[in-house]
Amino acid sequence: MVRDDLMEKLGEEILEDAKRYCPVNTGRLRASLFAEVEDGELRVGSRDVKYAQMVEFGTRPHVIKPRNKQALSWPGAAHPVAQVNHPGTQAQPFLRPALHKPRVIT
């Protein structure tokens, strides 16, 4: 079907740009990006990476508390702590710029 072919081509272009715009630390987020056409609907996004939305939109300042222990500790920490006041993270949009990029699909 011509419509599905055009949607698949559009999805491939959006996916290519999203991967290009995606910030890379470990590469896990970039590797999770996908595009698919199903029942006339195009979906582009991330599979299996729960923090994708936090990268795209950023986070507000928040408190991090231990879940299974009484304190938090990490290599280089002076001592264990009961909680950490995280300052939040700045948004690093990668999917929205790819979706909103003007395109001509033929």
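**Reading the pocket**

Author: The largest pocket has a volume of about 290 Å³. A pocket here is an open set of points on a 1 Å grid over the protein atoms alone, where a 1.4 Å probe fits, with protein on both sides within 12 Å along at least five of seven lines; lining residues have an atom within 4 Å of a point. Its volume is the space filled by probe spheres set on the points, which are joined across faces, edges and corners. This is a predicted model, in which local features need pLDDT of at least 70 and side-chain atom pairs count only at pLDDT 80 or more, while totals for chains, interfaces and linings use all residues. Residues are numbered from 1 along each chain as its sequence is written, and side-chain values use heavy atoms, with hydrogens and water left out.

Reader: Which residues lie nearest the centre of the largest pocket?

Author: Asn25, Leu29, Tyr51, Val55 and Gln92, out of 15 lining residues. Two elements give two or more residues to this lining, helix H2 (28-32) and helix H3 (52-57). H2 supplies the largest share, three residues. Helices (H or I, at least four residues) and strands (E, at least two) are DSSP runs, numbered from the N terminus.

Reader: How far does the predictor trust each part?

Author: Look at pLDDT, the predictor's confidence in each residue, from 0 to 100. The protein chain averages 94, and 98% of the residues score at least 70.

Reader: In what sense do strands E1 and E2 pair?

Author: Two strands pair if DSSP finds at least two bridges between them. Strand E1 (residues 33-38) and strand E2 (residues 41-46) are antiparallel, over six bridges. Ala35 has Val44 in E2 as its bridge partner. The two strands form a hairpin with two residues between them, and Asp39 in the turn has a positive phi of about 55 degrees.

Reader: Is Glu56 buried or exposed?

Author: Buried means under 20% relative accessible area, exposed over 50%, partly exposed in between (1.4 Å probe, protein chains only). Glu56, in helix H3, counts as buried because its relative accessible area is 4%. Its side chain reaches the backbone nitrogen of Phe94 at 3.0 Å and that of Leu95 at 2.9 Å. By contrast, Ala31, in helix H2, is exposed because its relative accessibility is 63%.

Conventions. A polar contact is a pair of N or O atoms within 3.5 Å; within protein, one must be able to donate a hydrogen and the other to accept it, and residues adjacent in sequence count only if both atoms are side-chain atoms.
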